[in-house]
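Let's walk through this one by question and answer. Have the chain open beside you as we go.

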Amino acid sequence: MFEMFSPAKLNLFLEVSGKRPDGFHELETVMVRTDLYDKIHFQQSTDPKVRLVLAPESSGIAPADFPLDESNLIVKAANELRALTGTNLGATIQIVKRIPAEAGLAGGSSNAATTLLGLNRLWDLRLEKHELHTIAAKLGSDINFFVEDCRAAVCSGRGEIVRPIESTGEFYFVAFHPGVGNSTPAVFSQLTIDGSLQSSEVVQQALADGNSASLSDSIFNRLTDAARMINPAMDAMMTDVRQLLNRPVFMSGSGATCFVAAEGRQEAARIESQLASADWIVLGCLKV
Ligand code: C5P
């Protein structure tokens, strides 16, 4: 038995170039792994079943809101591994959940990737990285980033083509959530694509240089306006935080988590205290 961290990501850049015949959108995004994580504990079991358990110390999630059946990406990932390898082994997977759902932080995708990596080890399946990537891409668009196990990457295609990039130093962000999540398909359906495309070059360079000032000037997310249209609480939160802090407010993925960039841990702590409010949930300082 062993435990693995299952981290949340932030998108520091997201551009959409078009809608594809398969209904997905072609995009380019810069994803970074953060120090907000779920913990997943893997234990082999004698009966040939996969049992998922939500640990009582999980925060901010009602057990009723966390499915333990095949609708959970953890169970889907385990079932894909069983089908592919024909293994008859079982496992009990216990998760300490801290990453909120429908938050643009890819908590579910990260859990699925951690399950692929964890069960490959627990069951000694010896699948290679590229085989895990194939399963990951079948299960969703954000899972491959976590299978790659890198700090930062440019992800393209649906999001499943992962190219790790250099990231030096530490970056600090303060994240907050309006309490009402966003459905990713609903956000994409509101999007209008007008053809003028932004480039991720400056964001990539800022990460490589460890330049947080340049990074905060270049963070971009094409989905922001569409998400603001479908989530009035997030829209209001973005306006209020912009006024309160007098600094740009960004959205991760399809939302509804938003964040501001800080110059270091101390500034992040100061921003966090400024954000204390009944109107939104402060997720805290995320280190990248
Ligand atoms: O792949 P994933 O399960 O994360 O996608 C959820 C939904 O988000 C898709 O069903 C699709 O509606 C939308 N999506 C998209 N284009 C992408 C990724 C997701 O339209 N590149």
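Q: Which residues of α1 are buried?
A: Before the list, a word on what you're looking at: this is a predicted model, where local features need pLDDT of at least 70, side-chain atom pairs count only at pLDDT 80 or more, and totals for chains, interfaces and linings use all residues. Residues are numbered from 1 along each chain as its sequence is written, and side-chain values use heavy atoms, with hydrogens and water left out. Buried means under 20% relative accessible area, exposed over 50%, and partly exposed in between (1.4 Å probe, protein chains only). On that basis the buried set of α1 is Ile74, Val75, Ala77, Ala78, Leu81 and Arg82.

Q: What covers the buried residues of α1?
A: Contact here means heavy atoms within 4.5 Å. Helices (H or I, at least four residues) and strands (E, at least two) are DSSP runs, numbered from the N terminus. The cover includes β2 (25–45), β3 (50–54), β4 (90–96), α2 (107–122) and α3 (129–139).

Q: How far apart are the end C-alpha atoms of α1?
A: Helix α1 has 13 residues, 73–85. The expected span is 1.5 Å times one less than the number of residues, so α1 should span 18 Å. The model agrees, with the end C-alpha atoms apart by 18 Å.

Q: Which residue has a side-chain oxygen that reaches the backbone nitrogen of Ile74?
A: Look at the start of α1, where the two atoms are within 2.9 Å. A polar contact is a pair of N or O atoms within 3.5 Å; within protein, one must be able to donate a hydrogen and the other to accept it, and residues adjacent in sequence count only if both atoms are side-chain atoms. The oxygen belongs to Asn72.

Q: Which strands stand at the edges of the open sheet of four strands?
A: The order is β9-β10-β7-β11, with antiparallel pairing. Two strands pair if DSSP finds at least two bridges between them. Each edge strand has a single partner, so one side of each is left without a neighbour in the sheet; these are β9 (250–251) and β11 (281–287).

Q: Is Asn221 buried or exposed?
A: Asn221 lies in strand β8 (residues 220–221). Its side chain reaches the backbone nitrogen of Leu223 at 2.8 Å and the backbone oxygen of Met251 at 2.9 Å. At 9% relative accessibility, Asn221 counts as buried.

Q: What is the bridge partner of Leu14 in β8?
A: β1 and β8 pair in the parallel sense over two bridges. Leu14 also stands opposite Thr29 in β2, and β1 and β2 run antiparallel, joined by 15 bridges. Over in β8, the partner of Leu14 is Asn221.

Q: How many of the residues of β1 are buried?
A: This strand is mostly covered. The buried residues of α6 (201–209) pack against β1 (2–19), among others. The count for β1 is 14 of its 18 residues.
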